[in-house]
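Good morning, colleagues. Please turn to the sequence and the structure on the screen, and I shall take you through them.

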Amino acid sequence: MTRETTEDRISRGRRIYARNLGIPEAEAETRMSALAGHEFVREAYLAAGGTSWSSPELSDRDRALAVVAALVAQHVVDERLDPYLALARGAGVTEDGLDALMVLLSAYLGQPATSRGAAAVHRTRSARDD
């Protein structure tokens, strides 16, 4: 059994963020640090490099839907939501599935958050179709 190092976990987290955000791994550190600072990004990489994005118990589809739901619940419906909508689509979630998710979330979160989430789904759908 090989012991994982902190650097291994950071490296895996960087790869996951780059993939999720649709950016080259070589650019992930610079772009993310410019937005949130080096220490914040290091902690984000440590978390993503753990079981959250590597556990075989969840698929990328499951994870994408969970993140979309969490972000919409926190009223994060701007460009920070977009990569996770793209990830969900890439993992097989259909446009009807994303619409159904927003309807389901509205029963638990209310319409203020989910109407903006639904608008983001449609905004990114339109951008994708262009």
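This is a predicted model: local features need pLDDT of at least 70, side-chain atom pairs count only at pLDDT 80 or more; totals for chains, interfaces and linings use all residues.

Five helices each supply at least two residues of the lining of the largest pocket: α1 (6-21), α2 (25-36), α3 (38-48), α4 (60-73) and α5 (82-90).

The largest pocket itself holds about 760 Å³ of space. Its lining comprises 23 residues, and those closest to the centre are Y17, L21, M32, R80 and Y84. By class, the lining of this pocket divides into 18 nonpolar, two polar and three charged residues.

Let me now turn to the packing of the helices. The axes of α1 and α2 lie 9 Å apart, and the two helices pack at an angle of about 90 degrees. An angle of 65 to 115 degrees counts as roughly perpendicular, and α1 and α2 are therefore roughly perpendicular to each other. On the α1 side, the contact is made by S11, R14, R15, Y17, A18 and L21; on the α2 side, by E25, A28, E29 and M32. This contact of α1 with α2 has five nonpolar, one polar and four charged residues.

Finally, I return to α3. Which of its residues are buried? They are V41, A44, Y45, L46 and A48. These buried residues of α3 pack against both α1 and α2.

Key: Residues are numbered from 1 along each chain as its sequence is written. Side-chain values use heavy atoms; hydrogens and water are left out. On a 1 Å grid over the protein atoms alone, a cavity is a set of points where a 1.4 Å probe fits but cannot get out, and a pocket is an open set with protein on both sides within 12 Å along at least five of seven lines; lining residues have an atom within 4 Å of a point. Grid points are joined across faces, edges and corners, and a volume is the space filled by probe spheres set on the points. Helices (H or I, at least four residues) and strands (E, at least two) are DSSP runs, numbered from the N terminus. Ala, Val, Leu, Ile, Met, Phe, Trp, Tyr, Cys and Pro count as nonpolar, Asp, Glu, Lys and Arg as charged, and the others, Gly among them, as polar. Axes are lines fitted to C-alpha atoms, for helices over the stretch in contact, and angles run from 0 to 180 degrees between N-to-C directions. Angles under 35 degrees count as roughly parallel, over 145 as roughly antiparallel, 65 to 115 as roughly perpendicular and the rest as oblique. Contact means heavy atoms within 4.5 Å. Buried means under 20% relative accessible area, exposed over 50%, partly exposed in between (1.4 Å probe, protein chains only).
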